[in-house]
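Hi,

Here is the structure I promised to pass on.

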Amino acid sequence: MTIDEIKSVSIIQFLETQGYHRSHVFKGNYWYLSPFRSEQSPSFNVNPVKNLWYDYGEGQGGNIINLVQKMNPTWNSHEVLSFLENEIRQHNLDFAADFLARMKEQEEKEIWKQGQRMSRDEDKDAHTVIDLIAELSHPYLRDYILQRRVDFDVAKEFCKEVHYSIYDKHYYAIAFENIEGGMEARNKYSKRSIGKKSISIVRPLGTQCPHCCVFEGLFDMLTYASVKKWQLDIDLCVEEDCDYIVLNSVSNVKLLPPFLADYTCIHCFLDNDDAGVKATQRITNAYSCQTVDESHRYSNYKDVNDVINGIMKSV
């Protein structure tokens with residue numbers, strides 16, 4: 001769970017699970033005997049709308065994480081968060097009403113944005129003409145690949161070069177095909193899809209391997225394959241030969257389950273951000289015995305490509 005999700009779990013429900021029951025409700029606020037000391041009159045207040053607590057006896061307050069820290073002063077941050085995650089799952093605690101409302105609003109905004117993007121993409125696709133698909137060779141595309149610290153021969157093995165036109169304007173890009181016959185078109189200045197968007201599956205040995213690696217984007221896969229070729233001693237790659245599965249968009253994780261069933265081990269190399277963590281968890285939920293989260297190999301970086309570019313996560 002993310003920190004924001006933990007903070008948004010109902011303090012009122014949490015207190016009930018810990019054996020603290022409200023004394024009364026006044027003007028929408030819940031009053032309790034303080035969990036920090038023995039008292040006769042309730043001085044501990046919870047605002048269910050803001051999902052915050054305040055102890056008038058000590059003049060302190062905060063969110064649910066601050067509450068558990070206050071109740072267990074010897075615990076470190078990891079112990080506090082681990083305890084809360086366990087309690088949330090064990091008691092199936094709900095999010096506070098304001099968080100659910102914000103989530104719903106955000107979801108509706110995202111649906112609207114996706115609709116707008118799809119409309120624009122469909123308009124572009126309707127006017128996209130592919131002029132040429134050839135071996136990757138354009139010097140500008142080669143420079144871009146090398147700037148990303150990827151082996152150019154590796155890129156040539158897995159990618160093509162596409163030349164296409166939109167409204168009579170001509171473009172060229174790295175082309176990475178997906179299982180639906182569409183492709184990701186990448187160059188230094190743009191990133192778009194041509195045709196139907198889907199996942200890509202690459203089998204470097206020509207036949208399916210027992211293991212596979214799942215990546216979020218093209219350059220993460222190319223980075224992994226480059227490091228494997230160079231045999232760099234940076235503990236980024238697994239020892240086994242693997243197929244490569246690229247989501248091409250984290251939203252495509254929903255397409256994965258049917259393609260993962262025959263693998264004995266699924267190595268997840270997704271981004272070290274909320275979206276990547278959720279995608280890894282979704283794969284784990286579907287194939288818990290086979291899935292290995294490999295993000296610890298690049299824990300100080302957002303993604304695999306950032307490792308060889310030396311771009312560490314900001315603290």
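Which residues do ring pairs link into a cluster? The cluster consists of Phe 158, Phe 215, Tyr 224, Tyr 244, Phe 269 and Tyr 298. Rings of Phe, Tyr and Trp (its six-membered ring) pair if their centres lie within 6.5 Å; planes under 30 degrees apart count as stacked, over 60 as edge-to-face and the rest as tilted.

Before the details, a word on where the values come from. This is a predicted model, in which local features need pLDDT of at least 70 and side-chain atom pairs count only at pLDDT 80 or more, while totals for chains, interfaces and linings use all residues. Residues are numbered from 1 along each chain as its sequence is written, and side-chain values use heavy atoms, with hydrogens and water left out.

**The chain as a whole**

The protein chain has eleven helices and 15 strands; these are DSSP runs numbered from the N terminus (helices: H or I, at least four residues; strands: E, at least two). Of its 315 residues, 41% are buried. Buried means under 20% relative accessible area, exposed over 50%, and partly exposed in between (1.4 Å probe, protein chains only). Among contacts (heavy atoms within 4.5 Å) between residues at least 6 apart in sequence, 61% join residues at least 24 apart.

**Aromatic pairs**

The count of aromatic pairs comes to 17. The rings of Phe 44 and Trp 53 are stacked, because their centres are 5.5 Å apart and their planes are at 15°. Both Phe 44 and Trp 53 are buried. Tyr 224 and Phe 269, on the other hand, form an edge-to-face pair, with 5.1 Å from centre to centre and 65° between the planes. This pair links distant parts of the chain, since Tyr 224 is in helix 8 and Phe 269 in strand 14 (residues 265-269), 45 residues apart. Tyr 224 counts as buried because its relative accessibility is 1%, and Phe 269 is buried with a relative accessible area of 1%.

**Two aspartates**

Asp 243 is found in strand 13 and is buried, with a relative accessible area of 0%. Its side chain makes polar contacts with the side chains of Arg 203 (3.4 Å) and Tyr 263 (2.7 Å). A polar contact is a pair of N or O atoms within 3.5 Å; within protein, one must be able to donate a hydrogen and the other to accept it, and residues adjacent in sequence count only if both atoms are side-chain atoms. Leaving aside neighbours within four places in sequence, Asp 243 is in contact with residues including Cys 209, Cys 212 and Cys 213.

Asp 271 lies in the loop between strand 14 and helix 10 (274-286). Asp 271 is buried too, at a relative accessible area of 7%, and its side chain makes a polar contact with the side chain of Lys 302 (3.0 Å). With neighbours within four places in sequence left aside, the contacts of Asp 271 include Glu 216, Asp 220 and Asp 303.

**One more residue**

Leu 232 sits in the loop between helix 8 (218-230) and strand 13 (242-246), and is partly exposed, with a relative accessible area of 40%.

Happy browsing!
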